[in-house]
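The entries follow in the order in which I looked things up.

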Amino acid sequence: MPFTLHGLPVSQGIAIGHVHLVSHALLEVNHYHVAPKHLKDEIERLNDAIATVQGELVGLKAATTSGQAHSEVGAFVDLQMMMLADPMLTDTARELIQSRGCNAEWALVQQMEQLVDQFRQIEDPYLRERQADVVQVVERLVKVLLGHPGHLPPKRRDGLGTIIVAHDLSPSDTIGFRDHNISGFVTDVGGPTSHTAIVARSLKIPAVVGLHHVRDLVEDDELVIVDGTRGIIIVAPDEHIVEEYRLRRSELEIERSKLNRLRDTRATTLDGEVINLLCNIETPKDMAAVKTVKADGIGLYRTEFLFMGRDALPDEDEQYEAYRTVVKAMPDKPVTIRTFDLGADKALDRAHSRVEPNPALGLRAVRFSLAEPKMFLTQLRALLRASVHGQLQIMVPMLAHAQEIDQTLKLIEKAKAELRADKVKFNESVPVGGMIEIPAAALALGMFIRRLSFLSIGTNDLIQYTLAIDRTDEAVVHLYDPLHPAVLKLVAGTISAGARFGMPVSVCGEMAGDPEYTLLLLGMGLRNFSMHPSNILEIKQQVLRADLGELAPRVQRILKMDEQARVREAVERLAL
């Protein structure tokens, strides 16, 4: 008898296949005594497992270098490699084996539970989420120690794929999905803006998360349908339901193939307004995808991925080469590079981290940059050097105070003076802009407009800070709503202020790449969208169908509404 489960849709598309349950009981290991004469062998067994997992992670890292996986996966793998080398995990496990005469699996799990408890006490959502990385690293080690390689099932004769059903999946787990005929995944936990969800979208694998107890409700090899657009799982569907969803999937595939025809078409509305569709990238390796969709430039280059997951900070020359590569790849097109968005929520390593009571509201982004002027100056020098190769723009994250801009501009002038003294060329008039991702900034735009050349709205954090919602916490993630009237007023107010003062404004958060919000943002007056390359063509299709003269008055009426349900209904009607 078919039945339906409802979760959070995080990656669009339809998948039909058989369940492959991923055990969550792996870490319920046996505890047994190891004789003193065998303790050295037990520690060596742990060392061998660590070496094996290090090799696995190096292989996963190589997949990102060769372009087989989304570049963000590389950062996640780096983080897991750091945790694998962390003495708090591995050295302590060795000490437990020696002092308690226990087996390696039990020692690892005991120490993992201690570390997870410490992470749970942290208020910051990003750091708290890192407990999952600790668990996933230990799971890898335990798999090796127990001789469970975790092979996926072979391709099936009925032509259907495999649906991975798990409590949770690490981003690195998604790398080999296509190689094993994996057509979708479903998890108990997770949210729409989690790292795994972002990777799933980049790989175009349908996914539904946040189902809580899905592993208890399905069986291995059971037929299921995953509707990643609606957040629906249909378990044990009959043939009529399967045929209906096959037809829907075919329609979606036809639509996707049609989108490829739009690559050479300029994004212009029905009434002749040209819209700029730019890309968000993490590393220079993303430029291949950017060129494939023929984007209008780079709206956000997240430079923190140069800094994370490594023992030594990148020097000026290494940074310069990374920035130069991207700028030269986009001749005659703008490349907006954000200064590092680092801090306690995106820690470099233990030497550069500090304990804070609430890191999300602490020393991060521009605050961290200004607290580390030498490190910041190195980045600014590298950015300025790269500016001679194209239309580079510098963007500063997480602004709230005028003095943050003043101090940043002074450091930029200092970097310029040093380069002049060294007779190094740079663009004297490189534009400097700022991100609007804190409500205080959106409500006091004048001080930024007077000092900056452009603005970019980071909707992910703006929504989170406006609604006081931890978007990684499954207990409250359903309250994370881009269509909350307060959020829309902040976004629309920023776009309107930019138009009034002749200052370019873009949106580089997830809203920009979601076709559900394209017409709404166009009606607000947005002309610059920045998103993941995989979303460009779908957003372009929305733009080509839009009539701004008709949209603008309808959106103005929406902005006067103060009930979320009415707002959502009105936004849905924009597409009719």
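**Salt bridges and burial**

I began with aspartate 461, which forms a salt bridge with arginine 364; the closest N and O atoms are 3.6 Å apart. The pair links distant parts of the chain, with aspartate 461 in helix H16 and arginine 364 in the loop between strand E11 (334–338) and helix H11 (366–371), 97 residues apart. I note that the model is a predicted one.

I then looked up the accessibility of both partners.

Among the buried ones are Leu462, Ile463 and Tyr465. Just after H16, alanine 468 takes a positive phi of about 55°.

I searched the whole structure for salt bridges and found 28. In one of them, arginine 385 meets glutamate 316 at 2.9 Å, N to O. Arginine 385 lies in helix H12 (residues 373–386) and glutamate 316 in helix H10 (residues 316–329), so the pair ties together parts that are 69 residues apart in sequence. Both residues are buried. I also recorded a network in which salt bridges that share partners join Glu316, Asp317, Arg381, Arg385, Glu418 and Asp422.

Last, I searched the whole structure for disulfides and found zero. Cysteine 102 is buried at 0% relative accessibility, and cysteine 279 is buried with a relative accessible area of 0%.

Technical notes: Residues are numbered from 1 along each chain as its sequence is written. This is a predicted model: local features need pLDDT of at least 70, side-chain atom pairs count only at pLDDT 80 or more; totals for chains, interfaces and linings use all residues. Side-chain values use heavy atoms; hydrogens and water are left out. A disulfide is a pair of cysteine sulfur atoms within 2.5 Å. Buried means under 20% relative accessible area, exposed over 50%, partly exposed in between (1.4 Å probe, protein chains only). Helices (H or I, at least four residues) and strands (E, at least two) are DSSP runs, numbered from the N terminus. A salt bridge is a side-chain nitrogen of Lys or Arg within 4 Å of a carboxyl oxygen of Asp or Glu.
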